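Me: I'm new to this one and would like to look at its aromatic rings. Can you walk me through them?

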Amino acid sequence: MSEDLIVTREGPVGRLRLNRPKAIHALTPAMCEGVLAALEDWRGDLGVEAIIIDHAEGRGFCAGGDIRLLAESGAGDGEAARGFFHAEYRMNHRLFTYAKPIVAFMDGITMGGGVGISAPARFRVATENTRFAMPETGIGLFPDVGGGWYLSRLPGRMGEFLALTGHRLDGAEAHALGLATYYLPAAALEEAKAAITSAPQEIAATLDRLSVPAPRAKIMAHAADIDRLFAADTLEEIIAALEADDGEWAAQQLAVLRTKSPQACKVSLRLLREGRLTTDFTDEMRREYGIASRVVQRPDFVEGVRALIVDKDNAPRWDPATPEGVTDTMIDHIFAAMPDGQAWTPDDR
């Protein structure tokens with residue numbers, strides 16, 4: 001078992017603790033495989049009644065996936081990147097379909113892959129430290145790991161707003177939108193985990209007892225603006241709506257949107273549109289795997305990682321550079337079904 005993932009059994013509870021503090025617990029392929037193996041071991045074990053997912057030490061719950069590995073692979077044959085996505089999405093799917101209750105403690109940064117490992121949980125705990133986001137359009141990617149499912153089911157056009165801008169929600173906002181099911185003070189988390197371990201049949205009652213009223217969800221003050229300004233189905237129309245609005249908030253979102261990959265934004269909009277019509281999470285994962293397998297080898301992903309993570313000049317040169325340059329044909333190719341024998345499948349069983 002990788003040292004980056006601590007797997008333990010505490011009485012009737014299985015514990016999964018992410019343990020890459022220097023990388024804010026970003027997921028590696030070995031960590032995803034480790035989660036899958038543990039869930040399989042516990043699946044038929046009648047002595048394991050619930051699962052807890054949290055992080056071992058350091059700040060943040062999980063900052064995402066191993067972006068450098070993906071970018072290095074994407075610049076070559078993409079095989080390692082596809083292998084990572086395949087394992088990660090199997091983990092996401094297994095968590096989503098797992099019969100035993102899972103409790104995810106989203107204390108701190110919960111982004112990208114961190115959303116993928118927590119959003120499927122039946123019980124999702126936010127705190128005053130939570131920073132929830134799907135910021136992938138900033139590196140030429142898209143909100144994967146089930147983002148097309150979760151974001152498309154948010155009220156109004158909130159999903160489109162979060163997918164395009166990568167806006168960071170705090171714990172109260174995540175709770176207001178249903179992305180978290182409970183809001184607890186961080187100081188109460190260890191008590192919650194101990195109580196769940198003692199009485200896994202009473203998880204809801206434990207979390208209800210330790211919950212506190214969440215602060216005002218600031219994002220809800222902009223819900224009407226989001227529904228109006230992000231109402232269109234095309235990126236060009238959304239940008240035009242933001243340009244036509246003379247409000248300060250709209251100007252801020254326009255400035256943010258102009259820093260994102262036009263290709264990634266168009267992929268994200270179509271992903272949510274199709275995700276809204278998808279009724280089986282397996283189909284969502286299969287679609288996202290095909291998209292990810294292609295996007296990771298396109299210029300914007302390698303360039304986005306260079307600009308934001310490697311060189312950190314924050315000046316990506318997107319290709320195409322404008323929304324108009326991203327053609328429907330290009331997006332159709334990215335969304336095309338994978339060839340026979342290369343499509344994603346839920347597991348080996």
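Me: Which residue lies over the face of F335?
Reply: First, a heads-up: this is a predicted model, where local features need pLDDT of at least 70, side-chain atom pairs count only at pLDDT 80 or more, and totals for chains, interfaces and linings use all residues. Residues are numbered from 1 along each chain as its sequence is written, and side-chain values use heavy atoms, leaving out hydrogens and water. A charge sits over a ring if NZ of Lys or CZ of Arg is within 6 Å of the ring centre and within 35 degrees of the ring normal. At 4.4 Å from the ring centre of F335, the residue is R270.

Me: And which ring has the charged end of K193 over it?
Reply: The charged end of K193 is 5.1 Å from the centre of that ring. The ring belongs to F105.

Me: How many aromatic pairs are there in the whole structure?
Reply: Rings of Phe, Tyr and Trp (its six-membered ring) pair if their centres lie within 6.5 Å; planes under 30 degrees apart count as stacked, over 60 as edge-to-face and the rest as tilted. A search of the whole structure gives a total of 10.

Me: Is the F84 and F85 pair stacked or edge-to-face?
Reply: Their centres are 6.5 Å apart. With 10° between the planes, the pair is stacked.

Me: Is F84 buried or exposed?
Reply: Buried means under 20% relative accessible area, exposed over 50%, partly exposed in between (1.4 Å probe, protein chains only). F84 has 0% relative accessibility, so F84 is buried.
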